[in-house]
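Work through the exercises below with the model open beside you. Try each task before reading its solution.

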Amino acid sequence: MDITLEVIPLPVTDIDRARDFYRDKVGFHVDIDQEVMPGMRIVQLTPPGSGCSIALGDSIWQMTPGPTPAPGSYQGLQLCVADIKAAHAELVARGLDVSEPVQYAPDDGATFMHFQDPDGNGWAVQEYRRRATEPLHELLAKLRRQQES
């Protein structure tokens, strides 16, 4: 059985402000922005090339058991890019307040930069150069074919 992570609900105080931030400053694509049932608006955004989206909603937390997370309480959400210098330049050009990239080791996957959304939810952007030649979806499909053989 395959199980995929495809949507992460994100706690925010203002759906429109968050949608505009993720669309305009971070470059996510708006997949859905509508009332999906009476009284429940969902905005779903996906980073370019990603199989996982974020969902913003005014009633989304009523559908899941447990406590409602506070806006700004999510930390350590992570995006991956093949070229962190190019990503940094693009994000800065979009007006995003993003840290300078820091290389913690020379290994692939050891360079990061960080930003926060307007509510304080914290994101890391990791450079994973291997993704330029080996996109994750292609690698997973290849591994799946090998397992089936």
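A nonpolar core is a set of buried Ala, Val, Leu, Ile, Met, Phe, Trp, Tyr and Cys residues joined through side-chain atoms within 4.5 Å. Buried means under 20% relative accessible area. The model is predicted.

**Exercise 1. Find the largest nonpolar core and say which elements build it.**

Step 1. Count the members. The largest nonpolar core holds 24 residues.

Step 2. Pick out the residues with the most contacts inside this core. They are Leu10, Tyr22, Val26, Phe28, Leu56, Phe115 and Trp123.

Step 3. Assign the core to elements. Two or more residues come from each of α1 (15-25), β3 (40-46), β4 (53-57), β5 (77-81), α2 (84-93), β7 (111-116) and β8 (122-127).

Step 4. Find the main contributor. α1 gives the largest share, four residues.

Step 5. Look for another core. A second, separate one has five residues, including Met40, Ala55, Ile60 and Trp61.

**Exercise 2. List what Phe28 touches, leaving out residues up to four places away in sequence.**

Step 1. Tyr22 and Arg23 are in contact with Phe28.

Step 2. Move on along the chain. Phe28 also touches Leu45, Thr46, Pro47, Pro48 and Ile54.

Step 3. Finish the list. Leu79 and Trp123 are touched as well.

Step 4. Link back to the core. Tyr22, Phe28 and Trp123 are among the residues with the most contacts inside the largest core.

**Exercise 3. Describe the whole protein in numbers.**

Step 1. Count the elements. There are three helices and eight strands. From the N terminus they run β-α-β-β-β-β-α-β-β-β-α.

Step 2. The C-alpha atoms fill a box of roughly 45 × 45 × 25 Å along the principal axes.

Step 3. State the burial. Of the 149 residues, 38% count as buried.

Step 4. The accessible surface is about 9,100 Å², and 53% of it belongs to carbon and sulfur atoms.

Key
Residues are numbered from 1 along each chain as its sequence is written. This is a predicted model: local features need pLDDT of at least 70, side-chain atom pairs count only at pLDDT 80 or more; totals for chains, interfaces and linings use all residues. Side-chain values use heavy atoms; hydrogens and water are left out. Buried means under 20% relative accessible area, exposed over 50%, partly exposed in between (1.4 Å probe, protein chains only). Contact means heavy atoms within 4.5 Å. Accessible areas come from the Shrake-Rupley method with a 1.4 Å probe; for residues, only the protein chains shown count as cover.
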